[in-house]
Amino acid sequence: IANLPYVPNDLVTSPEIETEPAIALFSGKDGLDHYRKFWQQISSLKTKPKYILTESLETQHKDLENMAIKAGYKLEKTDILVQLFRI
């Protein structure tokens, strides 16, 4: 299960978001810097997990799916925030 930071640096969705530590929420211009590194790390594992659950914004789903495909995974299921990938 990966609940990495995924909020784009310049996106403030509510006043509450400004009370959280930035390192826990923000991940680059498009919000996917941490996930890029995550999928690269997954790609290099000798034994990969069979399933991976991630959380991201709906507008990031396609990019996240493309990263997963490059790592050898396919999208099994998605909803508003959560995606399930499988080898």
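## The β2–β3 hairpin

A hairpin links β2 to β3 through 3 residues. The two strands run antiparallel, and 4 bridges join them. (Strands pair if DSSP finds at least two bridges between them.) K74 has R86 in β3 as its bridge partner.

This is a predicted model: local features need pLDDT of at least 70, side-chain atom pairs count only at pLDDT 80 or more, and totals for chains, interfaces and linings use all residues. Residues are numbered from 1 along each chain as its sequence is written, and side-chain values use heavy atoms, with hydrogens and water left out.

## Helix α2

Helix α2 spans residues 33–43, and its residues Y35, F38, W39 and I42 are buried. They lie on the same side of α2 because they cover an arc of only 90° around the axis. (The arc is that of the directions from the helix axis to the C-beta atoms.) An α-helix has 3.6 residues a turn, so residues three or four places apart point the same way.

The face turned away from the buried side carries K37 and Q40, which are exposed. Buried means under 20% relative accessible area, exposed over 50%, and partly exposed in between (1.4 Å probe, protein chains only). Among the elements covering the buried residues of α2 are β1 (51–55), α3 (61–70) and β3 (82–86). Contact here means heavy atoms within 4.5 Å. Helices (H or I, at least four residues) and strands (E, at least two) are DSSP runs, numbered from the N terminus.

## L81

L81 sits in the loop between β2 (74–78) and β3. L81 is partly exposed, with a relative accessible area of 33%.
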